[in-house]
Amino acid sequence: MSMPAETKIIPLSLAKSYVSDWGVEQAVRELMQNSLDLGGSVTVETCHSQRGSDVKEGKSLFIESYEGSIPHKHLLLGSGTKTNDKSSIGGFSEGLKLALLIMAREDIHIEFYNGCELWRPFFMFNEHFQEDCLHIEISNRFELNRDTVRIVIHGLDEDSQIIDEDYGIGEPSTLSQIIDNTLVLQDQDYSKHDTTYGEILLEPQHKRKIFCGGLYVGECKEFEEGFNFKPEYLKLDRDRRMLDTFDLKWISKEMWGELSEDPTDEVAKYIAEGLSCGNSSMQFLHHADEKVSDKVKDKVLALYNENYSGKILTSTYEEKQELSKAGNQNIEFVNKESFVKILKQTQGYKEIVLNTKMENPLEWLDDFKEQWYDSMSTDMLYAYEDMCVRLQKVLK
């Protein structure tokens with residue numbers, strides 16, 4: 001095959017059948033994540049595309065990043081810009097090669113501008129391997145910006161007219177599915193809570209959906225909300241499919257813990273009701289690094305008075321047996337550990353269980369200080385204040 005002087009072909013040892021369970025959505029997700037990890041942009045625009053002599057108008061997906069072009073060595077397996085970067089789930093590593101492979105295999109019209117080059121993925125028969133293998137045709141386009149990677153994917157909405165003959169239901173187009181699974185392509189007014197670990201998503205369309213870095217990675221049927229985790233806090237396999245339910249609960253409890261430190265009345269009520277209903281995303285809230293505020297505790301106590309007033313609650317069968325052996329009759333098992341643990345921290349519950357008004361030891365200290373303040377030396381006063389802080393932490 002004769003090639004123009006400014007064009008070269010790079011062969012990759014990737015067979016056409018590799019990652020056979022991947023489709024266009026997975027390939028597009030990889031390319032979008034590459035861009036988002038580098039602070040780039042992803043948009044959907046209406047434009048004309050030309051393939052051969054055929055010119056069409058339709059919606060196309062634009063993926064851009066501005067941190068420089070991709071070195072050719074990143075077409076090697078095992079080489080990539082973000083291989084060891086925990087804050088990113090993408091990067092120009094294996095995912096790039098796989099995305100190009102899928103685009104060629106699915107015959108997707110893609111314009112891949114890498115700096116001053118135009119890349120075109122295609123398959124060519126390899127005599128040595130006796131297989132169709134991926135190749136990248138690279139041609140120089142000096143009018144392009146050498147610091148920009150710009151990918152335009154056409155034709156993703158072409159299957160939107162497929163209709164089920166029996167039910168008349170239109171199949172969602174590939175593009176609409178991509179939008180549903182990409183937060184940055186959606187209306188940014190969606191309801192959410194922002195935390196250090198990511199976003200808690202409150203819209204009905206996000207319920208139970210798990211996103212990482214803004215891209216959909218799976219579903220947790222036990223959750224009542226959706227979550228968009230920052231990549232450094234969520235472990236994923238290459239296919240972005242390996243979601244561990246325990247890990248999700250453990251990370252989400254830190255998000256709720258952060259919110260519960262200084263919540264609005266509305267958020268405090270939502271958290272308390274979630275604990276009372278056994279919301280799985282709050283299952284381990286009592287283990288959160290942040291302390292649950294008195295405002296949330298008061299809401300929990302109010303729900304206790306409404307639903308269990310006067311009863312001794314326990315979340316373990318062992319404790320229930322121990323309480324019964326001790327002669328307690330008014331016991332109820334509640335399989336909501338965080339709700340019970342946080343309830344037990346409230347003064348009101350302690351008074352109900354002991355059937356007596358409990359005095360606060362911190363008030364004794366205040367009385368002591370008021371009586372003996374004038375007689376205390378500076379060192380004694382500092383030691384006293386330190387003791388008060390330590391006791392406050394223990395008693396709280």
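**View 1. A side chain of T195 meets the backbone of Y197.** A polar atom of the T195 side chain sits 3.1 Å from the backbone nitrogen of Y197, a polar contact in the sense of a pair of N or O atoms within 3.5 Å, where within protein one must be able to donate a hydrogen and the other to accept it, and residues adjacent in sequence count only if both atoms are side-chain atoms. This is a predicted model, where local features need pLDDT of at least 70, side-chain atom pairs count only at pLDDT 80 or more, and totals for chains, interfaces and linings use all residues. Residues are numbered from 1 along each chain as its sequence is written, and side-chain values use heavy atoms, with hydrogens and water left out.

**View 2. The surroundings of T195.** T195 counts as buried because its relative accessibility is 10%; buried means under 20% relative accessible area (1.4 Å probe, protein chains only). Leaving aside residues up to four places away in sequence, T195 touches K230, M255, E258 and L259, with contact meaning heavy atoms within 4.5 Å.

View 3. T195 belongs to strand β8, strands being DSSP runs of E with at least two residues. Look across to β9 and you will find G198, the bridge partner of T195. β8 and β9 (residues 198-201) run antiparallel, joined by four bridges; two strands pair if DSSP finds at least two bridges between them.

**View 4. The whole sheet.** Here the five strands form an open, mixed sheet in the order β8-β9-β12-β10-β11. Its edge strands, each pairing on one side only, are β8 (192-195) and β11 (215-219).

Technical notes
Buried means under 20% relative accessible area, exposed over 50%, partly exposed in between (1.4 Å probe, protein chains only).
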